[in-house]
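Let us walk through this structure step by step. Keep the sequence and the 3D view side by side.

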Amino acid sequence: MTNMSGDDSKIKVMHIIQSPGGVERYIRNFLKYINHEEFYNILICSNDYKEENYVGIVDKFENVNMMREINFKSDISSIIKVRKLIKKYKPDIIYCHSSKAGAIGRIAKLGLKNKCIYNPHGWAFNMGDSEKKQQFYCMIEKILEKLADKIICISEAEQKSALDKKVCRKNKLQVINNGIDFAEYINVPVVTRQELNIPEDAFIIGYVGRLTEQKAPDIFAKTAVEIKKVIPNAFFLMVGDGELKEKTKQIYIHNQMEVCYQITGWVENPMSYIKLFDVATLLSRWEGFGLVLAEYMLAEKPIVATNTDAIPYIIQNRKNGLLANVDDITQIYHNVLEIYHNSQLKNKIIQQASKDVYQLYDAKRMVKEHEKLFYELCR
C-alpha cells in the first residue's frame, strides 16, 4: 500500500473514533506511547475531538460528523466520508474504536483490502438498555464481526460476554487489558479540604464518574444517608457531572444533608480529588472496564465496587477491594463501615491493589501488546 507519510517502512494505522470521554483518554494514551518510528497514525474522529489536542502525537487528523444515535441519513453520510478517507490515506490497518465508529468504519471498508481491528470499549448490548435494544445491538455485532480481522476486548469480562452471546469465535477475540498513564499522575496538584469547605476531621467517601444511570449516583446518595447515621463525620464527595445531578442532590436535600456532601461538576484532574478520599467507590450497574479503579489503586485508596461485568475481574473481593451486588445499599453500607472500623483489612486491600495496578494496568504495556498485534496482521 502507498504510504502518504513518505516512509514506506512504517505501518500505517487509521483510528476511527466517535465517542468522547473514556475512549478519548484511551486513544491519547495510545498515541502518546506508540512507537512513532514504526507506526504512522491517522485519526478520523467525530466533531467532539479537537485537532489542537493531538499536535505532536498524530500524523494526520480529520473530523467527520458522526452521531452517537442511530440516524440513517447521517450514518450513510459518515460512511461515505470515511470510505473516501480510507481510499485517500490507504492505511495498512483500520482500527475502529467503540460501537458506532465500529459500525461506520467496518461498513466503510467493505470490498477494500485493509486489515481491520474493532474495539467496542464495552459492548453496546451490555449497557442497561431494554431487552429489545440489547437483542438488536447483539444482532448488529454478529453481522459486522465478519468485517473485522480481530476484535479487542478491554477486559476478560468483555471476552466472556462476547462468547456468551455468540458474537464470534474465540480465535477472533483478543484481550488487551485497559491501562492508565502513570506519568499523568506525577506531581498532580492536591485540592485541599479547606478549598472545598470540608471539615478537617471528615471521613470522606468518594465517587468519580458521570452522574448517569450507569454509574448509579442515586445509590451512592441513598447509601450516604445510611452511612451518615453511624459515621457522624462522614462527608460525601462526588466528582463529576451528568443528567442525574439534580435528582442526586434532591436525595441529600430531602434528608437534611446539605452540609455533608458536594458535587464538583467536571474537573480537569480527578486525581487531585481522589487523594482526599478515605474510601473510593465505583457502584456501576454495568461496566466495560472502569478505568477509575486503576486510578484508585494508584492513589492507594480502599475500594468499594459493584460485582458486575468487568469489575470483579479487576477487584477480587477482600483481596484488593470489597464488592457488593448492584444497587445493594445494605451491602455497600456494610463494606464502607468495615473499612472504617477495620484498619487491618483496609491496609491489606490497599497493598494488594497497589501491586496489581503496576503489574496489570499500565498504558505502556497496553500499547506494546497492540504493536505486536499490528506486526502480526501486516506480516
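Two residues are in contact when heavy atoms lie within 4.5 Å of each other. The model is predicted, so local features need pLDDT of at least 70 and side-chain atom pairs pLDDT 80 or more, while totals for chains, interfaces and linings use all residues. Residues are numbered from 1 along each chain as its sequence is written, and side-chain values use heavy atoms, without hydrogens and water.

Start with N178. It sits in the loop between β7 and β8. Helices (H or I, at least four residues) and strands (E, at least two) are DSSP runs, numbered from the N terminus. N178 is buried, with a relative accessible area of 8%. Buried means under 20%, exposed over 50%, and partly exposed in between (1.4 Å probe, protein chains only). Leaving aside neighbours within four places in sequence, N178 touches Y26, I154, F289, L291, L360, Y361, R365 and M366.

Y26 leads us to helix α1, where it is one of the buried residues. The buried residues of α1 pack against β1 (11–17), β2 (39–45), β4 (93–97), β5 (115–119) and α13 (363–378).

Now return to the loop between β7 (173–175) and β8 (203–208), where N197 also lies. N197 is exposed, at 67% relative accessibility. Its phi is positive, about 60 degrees, although N197 is not a glycine.

E300 is another non-glycine residue with a positive phi, near 60 degrees. Look for E300 in the loop between α9 (291–298) and β12 (303–306). E300 is partly exposed, with a relative accessible area of 45%.
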